[in-house]
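Here is a short briefing on one protein chain. Keep the sequence and the model open while you read.

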Amino acid sequence: MSIISLKDVTFGYSDKEVLSGVSFDIDEPGFISIIGPNGVGKSTLIKLIDGIIKPTSGSIEICDRPLEEYTLKELSKVVGYVPVMASDFNVMSVLDTVLIGRYSHQKWRTTPQDIAVAVKALKAMEIENLIDRDFNALSAGQRQKVSISRGLVQESKILMLDEPTANLDIRHQLYVSEFLRKLSDRTGMTCFTVSHDLNLAAKYATKVIVLQRPGKIYAMGDPRDVITERMIHDVYDVDCDIVDDHGTPHVILQGVLEESM
């Protein structure tokens with residue numbers, strides 16, 4: 001069974017094409033990192049898979065079923081979505097904010113099981129002490145962890161996260177990345193993350209998708225095969241050295257290529 005299948009997916013606005021002829025298949029669960037420079041369609045790609053926006057052309061299948069055949073509630077049980085930054089206009093408590101993610105599991109009211117799942121997610125993100133706090137009173141990093149918790153309580157087969165380590169300090173960047181990788185390994189959940197940190201992608205991802213301008217896939221595969229000096233030269237216009245860090249490629253940046261300045 002194919003978990004996710006894209007065939008010649010294109011998306012654009014009236015005057016700009018963001019993604020162009022993107023095709024790939026994900027047949028096994030894993031922790032998949034989408035990398036590439038600004039403006040190549042990384043966030044657009046996960047919004048397409050989550051059904052937030054519709055492709056201009058091409059097809060998307062989730063678990064061997066065309067995306068357009070899902071109802072909103074059906075899709076939310078299969079695909080969860082964590083945006084890059086939660087809204088500033090949320091006046092609810094942290095617990096109530098996380099419980100929004102239980103929408104697809106609820107019938108008439110919040111159950112003790114819903115609350116237990118929410119508390120478990122907050123503990124996993126090490127923020128259970130914030131459970132009664134006003135969401136708007138939190139720091140950017142705390143809001144980010146609440147947003148991840150809201151994605152976790154959906155208990156979906158696929159979780160799409162747009163820059164989940166944004167606004168987090170170094171410790172929590174590592175913690176969240178390692179947590180998501182272990183979650184995927186343990187439960188069989190497929191986690192997609194948009195990332196600007198090549199070394200986090202190299203260290204934790206089971207598969208990397210590299211997007212380059214104009215919204216095309218440059219490479220896809222094992223980080224050891226994909227994160228190379230040639231790729232970074234071609235995609236980012238940056239000179240670098242790649243060293244082996246216990247079997248994982250580690251990027252040491254040298255500078256912007258002169259011809260691109």
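An open sheet of four strands runs in the order 2-1-4-5, with antiparallel pairing. Strand 2 and strand 5 (65-66) each have a single partner strand, so one side of each lacks a neighbour in the sheet. This is a predicted model.

- Strand 1 (residues 4-13) pairs with strand 4 (residues 57-62) in the antiparallel sense, over five bridges.
- In this pairing, Leu6 stands opposite Ile60 in strand 4.
- Strand 2 covers residues 16-26 and includes Leu19.
- Leu19 is buried, with a relative accessible area of 0%.
- The C-alpha atoms of Leu19 and Lys42 are separated by 8.9 Å, and the two residues are 23 apart along the chain.

**Nonpolar cores**

- The largest nonpolar core has 32 residues.
- Ile4, Leu6, Phe24, Leu45, Ile62, Ile158 and Phe192 have the most contacts inside this core.
- Strand 2 gives the largest share of the core, five residues.
- Another core, of 31 residues, lies apart from it; among its members are Val117, Met125, Leu168 and Met189.
- Phe24 touches Ile4, Ser5, Leu6, Leu45, Ile49, Phe192, Ile209, Ile217 and Met220, with residues up to four places away in sequence not counted.

**Helix 5**

- Helix 5 has 13 residues and reaches 19 Å from its first C-alpha to its last, close to the 18 Å expected at 1.5 Å a residue.
- This helix is mostly covered, with 10 of its 13 residues buried.
- The buried set is Gly141, Arg143, Gln144, Lys145, Val146, Ser147, Ile148, Ser149, Gly151 and Leu152.
- These buried residues pack against strand 6 (79-82), helix 3 (94-99), helix 4, strand 7 and helix 6.

**Helix 6**

- Helix 6 (residues 170-187) has 18 residues. Its span from first C-alpha to last is 26 Å, close to the 26 Å expected at 1.5 Å a residue.
- His172, Val176, Ser177, Phe179, Leu180, Leu183 and Ser184 are its buried residues.
- Seen down the axis of helix 6, the buried residues fall within an arc of 160°, so they line one face of the helix.
- The face turned away from that buried side carries the exposed residues Ile170, Asp185 and Arg186.
- Packing partners of the buried residues of helix 6 are strand 3 (31-35), helix 4 (112-124), helix 5 (140-152), strand 7 (158-162), strand 8 (190-194) and helix 7 (198-204).
- At the start of helix 6, a side-chain oxygen of Asp169 comes to within 3.2 Å of the backbone nitrogen of Arg171.
- Gly188 follows helix 6 and has a positive phi, near 80°.

- Strand 11 (residues 238-245) and strand 12 (residues 248-256) pair in the antiparallel sense over eight bridges.
- Val243 stands opposite His250 in strand 12.
- Two residues lie between the strands of this hairpin, where His246 takes a positive phi near 55°.

Methods: Residues are numbered from 1 along each chain as its sequence is written. This is a predicted model: local features need pLDDT of at least 70, side-chain atom pairs count only at pLDDT 80 or more; totals for chains, interfaces and linings use all residues. Side-chain values use heavy atoms; hydrogens and water are left out. The expected span of a helix is 1.5 Å times one less than its number of residues. Buried means under 20% relative accessible area, exposed over 50%, partly exposed in between (1.4 Å probe, protein chains only). The arc is that of the directions from the helix axis to the C-beta atoms. Contact means heavy atoms within 4.5 Å. A polar contact is a pair of N or O atoms within 3.5 Å; within protein, one must be able to donate a hydrogen and the other to accept it, and residues adjacent in sequence count only if both atoms are side-chain atoms. Two strands pair if DSSP finds at least two bridges between them. A nonpolar core is a set of buried Ala, Val, Leu, Ile, Met, Phe, Trp, Tyr and Cys residues joined through side-chain atoms within 4.5 Å.
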